[in-house]
Amino acid sequence: MTPLTRVSATEAALALIAQLQARHGALMFYQSSGCCDNSAPNCYLPGELAISPSDVLLGHIGGMPFYMSSSQYAYWKSSQMIVDAVDAPLGGDNFSLEGPLGKAFLSRSRLFTDEESARLEAEAPLPRP
């Protein structure tokens, strides 16, 4: 049976993650909830953003942890987050490490099937940081 993940990344996102990792070392992702920090997966150096005990570790992309708030997870738990990378204005209007490269991470999603949802519910609860 194919492993089922709550978060995945496109080839473009994985290539950008590798580029950022070569430049900065370890990374972490946090799915922003909107307002002034946009509604995108933001990439940070570990420790640049405090992870709350109520945040959810959704999984890993490119070997890097991907978190979101528990309130956002309640909304997105029926969907797989698919992280993509797209061209953006140089410097971008985001707080994420890829902005100076003229790139931006972008969240896409798809609903889990009933079978997939049942498989995920049967697994252990998502770990907290």
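This is a predicted model: local features need pLDDT of at least 70, side-chain atom pairs count only at pLDDT 80 or more; totals for chains, interfaces and linings use all residues.
Residues are numbered from 1 along each chain as its sequence is written, and side-chain values use heavy atoms, with hydrogens and water left out.

**Overall architecture**

- The protein has three helices and seven strands, taken as DSSP runs numbered from the N terminus (helices: H or I, at least four residues; strands: E, at least two).
- Read from the N terminus, the order of elements is β-α-β-β-β-β-α-β-β-α.
- Of the 129 residues in the protein, 39% are buried, where buried means under 20% relative accessible area, exposed over 50%, and partly exposed in between (1.4 Å probe, protein chains only).
- Among contacts (heavy atoms within 4.5 Å) between residues at least 6 apart in sequence, 61% join residues at least 24 apart.
- The accessible surface comes to about 7,000 Å², with 56% belonging to carbon and sulfur atoms; such areas come from the Shrake-Rupley method with a 1.4 Å probe, and for residues only the protein chains shown count as cover.

**Helix α1**

- Helix α1 spans residues 11-24, and its 14 residues reach 20 Å from the first C-alpha to the last, close to the 20 Å expected at 1.5 Å a residue, the expected span being 1.5 Å times one less than the number of residues.
- The buried residues of α1 are A13, L16, I17 and L20; they lie on the same side of the helix because they cover an arc of only 105° around the axis, an arc defined by the directions from the helix axis to the C-beta atoms.
- On the other side of α1, E11 and A22 are exposed.
- G25 follows α1 and has a positive phi, near 90°.

**Q80 in strand β6**

- Q80 is found in strand β6, residues 79-87, and counts as buried at 10% relative accessibility.
- A polar atom of the Q80 side chain lies 2.9 Å from the backbone oxygen of T5.
- Leaving aside neighbours within four places in sequence, Q80 is in contact with T5, R6, V7, S8, R108, S109, R110 and F112.

**S69 between β5 and α2**

- S69 lies in the loop between β5 (64-68) and α2 (70-76), and this residue is buried, with a relative accessible area of 14%.
- Apart from neighbours within four places in sequence, S69 is in contact with Y30 and D55.
- The C-alpha atoms of S69 and I51, which are 18 residues apart along the chain, are separated by 8.9 Å.

Definitions and conventions:
A polar contact is a pair of N or O atoms within 3.5 Å; within protein, one must be able to donate a hydrogen and the other to accept it, and residues adjacent in sequence count only if both atoms are side-chain atoms.
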